[in-house]
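Visitor: I'm new to this one, so please pick a single part and take me through it slowly. Then show me how that part sits in the rest of the chain.

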Amino acid sequence: MRYGNIVRGRFLARPNRFVAHVALEGRTETCHVKNTGRCRELLAPGAAVYLEESANPRRKTRWDLVAVEKGDLLINMDAQAPNRVFREWAAGGWFLPGLVTVRPEYTWEDSRFDFLLEDGQGPILVEVKGVTLEEGGTARFPDAPTERGVKHLRGLRRAAEQGLRAAVFFVIQMKGVRVFRPNDVTHPAFGEALRAAAEAGVAVYAYDCRVTPETLEIDAPVKIVL
């Protein structure tokens, strides 16, 4: 996936989860943050950030904050990007070689999953999670408690127990991590639900991404430790 007009600035402050103040070309801009997570380890004062200019002249904020530099890592932190980049990648046949259908926002029982994919062997429910938290070369999810995420995993587990194919796909929005682990310290219930889902037959994937300020592309599988 590709962004439009991208500029580089310096993060100053985040008065609430929706907006940030960024130093840009000698002025302070109020930008929309395309990630409502905490992101405390990313949005540190002085951090280099990348902004996309909105094409909507009626918006209150002209810019969207989409990526940040953390040491040697460039991390895409756009919460909408994982679904977009996964759909592009899956449509290319990388996930299911015989893919014939991609249906977003598919409701099954009491859960709405990101995708229903179909190939010659029938449907597969897929839930996509974006990962922006990195600690010492380890990617972790979630960065904050997510009851919605636990509900999704439990729904996938029920689907697998009923004989349906089901998968959770972690899009690691950076390059350079060695392993993926659930963040049991922040939300132990998510880790428990992920392990239970895997034991029930839910496929668990974690892939890193090639990231530039203008682009995001799924790249290679990362070792998963549950």
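Guide: Let's start just after helix α3, where glycine 201 takes a positive phi of about 110°. You're looking at a predicted model, with residues numbered from 1 along each chain as its sequence is written. Local features need pLDDT of at least 70 and side-chain atom pairs count only at pLDDT 80 or more, while totals for chains, interfaces and linings use all residues, and side-chain values use heavy atoms, leaving out hydrogens and water.

Now step back into α3 itself, which takes in residues 188-199. (Helices, H or I, at least four residues, and strands, E, at least two, are DSSP runs numbered from the N terminus.) Its 12 residues reach 17 Å from the first C-alpha to the last, close to the expected 16 Å; that expected span is 1.5 Å times one less than the number of residues.

Which residues of α3 are buried? They are Phe190, Gly191, Ala193, Leu194, Ala196 and Ala197. Buried means under 20% relative accessible area, exposed over 50%, and partly exposed in between, with a 1.4 Å probe and protein chains only.

Zooming out, the chain comes to 3 helices and 16 strands. Its radius of gyration is 18 Å, close to the 17 Å that the globule rule gives for 226 residues, so the chain is as compact as a globular protein of that length. (That radius is taken over C-alpha atoms, and the rule is 2.2 Å times the number of residues to the power 0.38.) Buried residues make up 51% of the 226. Of the contacts with a separation of 6 or more, 62% are between residues 24 or more positions apart.

One last stop: the cysteines. There are 0 disulfides here, a disulfide being a pair of cysteine sulfur atoms within 2.5 Å. Cysteine 209 is in none, because the nearest cysteine sulfur, that of cysteine 39, is 16 Å away. At 0% relative accessibility, cysteine 209 counts as buried. Cysteine 31 is buried too, also at 0%, and the closest cysteine sulfur to its own is again in cysteine 39, 15 Å off and too far for a bond.

Definitions and conventions: Contact means heavy atoms within 4.5 Å.
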